Amino acid sequence: MNIQDYKGVFVFAQQVDNVLSGIALELVGKGKDLAKDLGTEVTAVLVGSDVKGLADELAEYGADKVIVVDDPELKEYRTEPYAHALASVINEFKPEIFLVGATAIGRDLGPRVSARIHTGLTADCTQLDIGDFPINPIPGKEQLHNQLLMTRPAFGGNTIATIACPDFRPQMATVRPGVMQKASREAGRKAVVVEFNPGFTPNDKYVEILEVVKAVSDVADIMDAKILVSGGRGVGSPENFKILEDLAEVIGGTVSCSRAVVDAGWKPKDLQVGQTGKTVRPNVYFAIGISGAIQHVAGMEEADIIIAINKDDTAPIFDVADYGIVGDLNKIVPALTERLKAELAAK
Amino acid sequence: MKIVVCVKQVPDTKGGVKFNPDGTLDRGAMLTIMNPDDKAGLEAALRLKDQYGAEVTVVTMGLPKAEEVLREAMAMGADKGILVTDRVLGGADTWATSQTLAGAIRNLEYDLIITGRQAIDGDTAQVGPQISEHLGIPVISYAQKIQIEGDSVIVERQYDDRYHVLKAKMPCLITALAELNEPRYMTPGGIFDAYNAEITVWGRANLVDVEDSNLGLKGSPTQIAKASDKVRKGAGEKVNLDPTESVEYIIDKLKVKHVI
């Protein structure tokens with residue numbers, strides 16, 4: 001491998017049902033920053049069936065170039081054809097950096113692609129920078145410049161590690177959704193669009209999709225909410241989430257929950273905040289009856305204001321809360337809802 | 001049917017993490033457990049064994065101490081345990097780990113390989129899919145339900161807002177979610193048998209079709225530039241008031257911060 005041959009920042013522009021996922025635009029935004037530091041361009045790789053129309057949106061959010069891999073085999077996500085698409089793009093276009101979202105799709109696709117092309121992959125990154133490796137000069141070891149430094153939490157969020165991939169290209173990372181900021185949209189901005197099809201011949205590695213079952217969910221995406229009213233096991237029962245829903249309705253928020261609540265079957269997985277759920281950064285996060293396991297905190301600590309209500313005054317959630325209230329949620333939450341109603345009505 | 005299950009011995013991060021004075025992880029001071037997602041994968045394999053009849057072989061890579069999780073797996077009902085341990089395998093990233101496990105699994109017959117989705121120490125979810133790529137077989141990640149139909153496996157595969165019902169021809173690799181099932185307990189008889197059971201120990205020489213340049217720290221494309229304890233924003237205020245005062249306190253803060 002000649003590392004000098006690899007140029008440019010590529011991002012996987014994930015789409016589902018021919019709608020770009022939020023992470024696609026977040027990666028274009030971050031890719032643009034990295035490309036600027038390297039004096040190069042950001043390319044979005046769009047994979048699917050009949051998806052070419054999405055290229056303009058990627059351009060308006062900052063993509064300089066869009067590579068479109070369009071084939072009927074790519075209609076619904078399946079590991080093998082998507083891995084073939086990305087590995088072929090990498091072999092053909094030789095990017096120095098390739099970013100993929102750490103979504104249920106990207107965390108399956110990324111490892112398969114990195115294993116196919118033999119490069120490193122850093123999972124679930126929360127920060128990406130261009131810098132030197134080693135970070136500080138070490139006598140007798142060459143310090144490489146313009147390396148991708150990939151930072152991620154490990155050990156359940158207890159430590160953070162910064163990883164480099166000095167000897168292989170592309171430097172690959174999956175990036176946690178909701179962490180990077182998308183660039184502001186520039187209407188009418190255009191990108192160079194390149195169509196590329198490496199050919200898709202089904203084999204035993206192509207799994208068959210027997211059925212696609214969409215969760216019937218009319219709830220808003222918790223990652224977009226400005227105010228989250230989040231409940232944990234301390235809420236006590238699925239029925240008792242009613243008091244959280246009432247509060248959310250009055251204050252214009254959305255209900256979310258901890259992993260314990262999902263494991264108990266009280267709420268669906270798409271409402272789960274935390275390391276194995278979603279990372280959220282609302283303006284206000286109410287943590288109600290949530291003890292604050294480190295895996296939960298990893299998914300919400302970036303909220304602007306954290307208000308915790310818990311009867312256990314030693315609960316670790318109070319270590320991250322801006323405002324902690326030790327008390328009975330069953331008394332406080334309904335009273336707060338009523339008080340807010342009166343307060344907002346008076347305005 | 002032959003099923004291979006990959007498991008990992010991990011520090012129990014729920015009990016908090018202990019550090020050495022130099023900032024590295026003090027693994028000796030922490031309790032270890034079988035990684036929860038792997039345990040769900042093992043339980044899934046044991047249920048297939050109960051339902052269809054199967055031989056379940058558990059493979060782990062780690063220090064000699066990792067033998068403990070193999071004995072636990074056998075006490076739950078696994079038939080064989082294989083420990084892959086060798087000094088030259090140390091410091092492996094997910095590329096080198098998956099190369100090692102693939103090299104070990106090439107010695108075995110298998111219809112299904114089941115791994116946990118991710119380990120609670122690394123949280124990468126990469127090793128399972130990477131093993132499948134090295135072995136050239138299909139992968140189905142995030143399995144929430146597994147059934148066998150003839151020479152194929154039918155799996156419900158979870159996504160954020162949907163699930164797919166997928167059919168793959170075996171051999172196939174599946175990664176399991178902890179939500180998949182409630183793992184069974186070890187039985188007293190099982191514990192007794194497992195204590196006496198023979199554990200197969202393999203080293204570098206037993207790995208098939210793997211180059212030295214793909215093993216251990218030297219075979220790892222990713223390298224650690226820096227590791228540190230996470231700096232968290234400190235605790236704010238904490239009050240212990242009666243419910244009415246608590247409500248006034250929250251209202252006051254929401255006003256100060258211009259939320260209402």
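Of the 260 residues in chain B, 49% are buried. The model described here is a predicted one, and in it the C-alpha trace of chain B extends over about 65 × 45 × 40 Å along its principal axes. Six helices and 13 strands are found in the chain. When contacts in chain B between residues at least 6 apart in sequence are considered, 71% of them join residues at least 24 apart.

The strands of chain B contribute to an open sheet of 10 strands with mixed pairing, which runs in the order β13(A)-β9(B)-β8(B)-β7(B)-β10(B)-β6(B)-β1(B)-β4(B)-β5(B)-β11(B). The edge positions are taken by β13 of chain A, residues 208-214, and by β11 of chain B, residues 200-202, each of which pairs on one side only. From one strand to the next, the twist averages 30°.

Within this sheet, strand β1 of chain B (residues 2-7) pairs with strand β4 of chain B (residues 55-61) in the parallel sense, over six bridges, and in this pairing Ile3(B) stands opposite Val56(B) of β4(B). Two helices of chain B pack on the sheet. Helix α1 of chain B, comprising residues 36-52, touches β1, β4, β6 (112-116), β7 (139-149) and β10 (172-176) of chain B, and the direction of the helix makes about 150° with that of β6(B). Helix α2 of chain B, comprising residues 67-76, likewise packs on the sheet, where the strands touched are β1, β4 and β5 (80-84) of chain B; the direction of α2 makes about 170° with that of β5(B).

Strand β7 of chain B takes part in pairings of both senses, being parallel to β10(B) and antiparallel to β8(B). The parallel pairing of β7(B) with β10(B) extends over three bridges, and here Val139(B) stands opposite Leu173(B) in β10(B). The antiparallel pairing of β7(B) with strand β8 of chain B, residues 152-158, extends over six bridges, and Lys145(B) has Glu156(B) as its bridge partner in β8(B). β7(B) and β8(B) also form a hairpin, with two residues between the strands, and Gly150(B), which lies in the turn, has a positive phi of about 60°.

Conventions
Residues are numbered from 1 along each chain as its sequence is written. Chains are lettered from A and ligands numbered from 1 in the order in which they are written. This is a predicted model: local features need pLDDT of at least 70, side-chain atom pairs count only at pLDDT 80 or more; totals for chains, interfaces and linings use all residues. Helices (H or I, at least four residues) and strands (E, at least two) are DSSP runs, numbered from the N terminus. A residue is buried if 20 or more other C-beta atoms lie within 10 Å of its own, exposed if 12 or fewer, and partly exposed in between; C-beta atoms are placed from the backbone. Two residues are in contact if their C-beta atoms, placed from the backbone, lie within 7 Å. Two strands pair if DSSP finds at least two bridges between them. Axes are lines fitted to C-alpha atoms, for helices over the stretch in contact, and angles run from 0 to 180 degrees between N-to-C directions.
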